[in-house]
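Colleague: I would like to go through this model piece by piece. Please show it before we start.

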Amino acid sequence: MLFAKGTTTVIAVEGMHCVKCAAKVENALKALEGVKKAKVDLDKKTVSVVYDEAKVSTDAMKKAINAVGFKA
């Protein structure tokens with residue numbers, strides 16, 4: 001099994017309630033250049049992101065989450 005290499009961060013996300021919410025957040029993050037992996041934990045209301053720091057910032061990721069209707 002291959003694991004994505006890069007920096008990992010966990011972002012708190014308010015407003016997620018279901019699998020569709022989680023998918024919206026994950027897809028918004030995966031659409032950003034430099035994001036290698038995004039996985040939501042609905043119970044903890046967080047998303048773990050593996051990314052390339054040279055290509056994307058945490059601010060850009062938070063803006064992408066906010067743009068799809070949630071609060072990072």
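Modeller: What follows is a set of questions and answers on the sheet, the helices and some single residues.

Colleague: What kind of model is this, and from what number are residues counted along each chain?

Modeller: This is a predicted model, in which local features need pLDDT of at least 70 and side-chain atom pairs count only at pLDDT 80 or more, while totals for chains, interfaces and linings use all residues. Side-chain values use heavy atoms, with hydrogens and water left out, and residues are numbered along each chain, as its sequence is written, from 1.

Colleague: In what order do the strands of the open sheet lie?

Modeller: Helices (H or I, at least four residues) and strands (E, at least two) are DSSP runs numbered from the N terminus. Two strands pair if DSSP finds at least two bridges between them. The open sheet has 3 strands with antiparallel pairing, in the order β1-β3-β2. Its edge strands, each pairing on one side only, are β1 (7-12) and β2.

Colleague: Is T9 buried or exposed, and which residue is its bridge partner in β3?

Modeller: T9 lies in strand β1, and β1 and β3 run antiparallel, joined by 6 bridges. Buried means under 20% relative accessible area, exposed over 50% and partly exposed in between (1.4 Å probe, protein chains only). T9 has 18% relative accessibility, so it counts as buried. Its bridge partner in β3 is V49.

Colleague: At about what angle does α2 run to β1?

Modeller: Axes are lines fitted to C-alpha atoms, for helices over the stretch in contact (heavy atoms within 4.5 Å). Angles run from 0 to 180 degrees between N-to-C directions. Helix α1 lies across β2 and β3 and runs at about 165° to β2. Helix α2 (residues 58-67) lies across β1, β2 and β3, and its angle to β1 is about 40°.

Colleague: Which side chain of opposite charge is nearest to E26, and how far away is that side chain?

Modeller: E26 belongs to helix α1 (residues 19-30). Lys and Arg count as positive and Asp and Glu as negative, while His and the chain ends are not counted. A salt bridge needs a side-chain nitrogen of Lys or Arg within 4 Å of a carboxyl oxygen of Asp or Glu. E26 is buried and has no salt bridge; the nearest side chain of opposite charge is K39, at 4.3 Å.

Colleague: How far is the backbone nitrogen of V40 from a polar atom of the side chain of E26?

Modeller: Apart from neighbours within four places in sequence, E26 is in contact with A38, K39 and V40. From the backbone nitrogen of V40 to a polar atom of the E26 side chain, the distance is 2.8 Å.

Colleague: Why does K55 count as exposed?

Modeller: K55 lies in the loop between β3 and α2. Leaving out residues up to four places away in sequence, K55 touches E33 and G34. K55 counts as exposed because its relative accessibility is 52%.

Colleague: What distance separates the C-alpha atoms of C21 and F70?

Modeller: C21 lies in helix α1 and, at 13% relative accessibility, counts as buried. Not counting residues up to four places away in sequence, C21 touches G15, M16 and F70. C21 and F70 are 49 residues apart along the chain, and their C-alpha atoms are separated by 8.7 Å.

Methods
A polar contact is a pair of N or O atoms within 3.5 Å; within protein, one must be able to donate a hydrogen and the other to accept it, and residues adjacent in sequence count only if both atoms are side-chain atoms.
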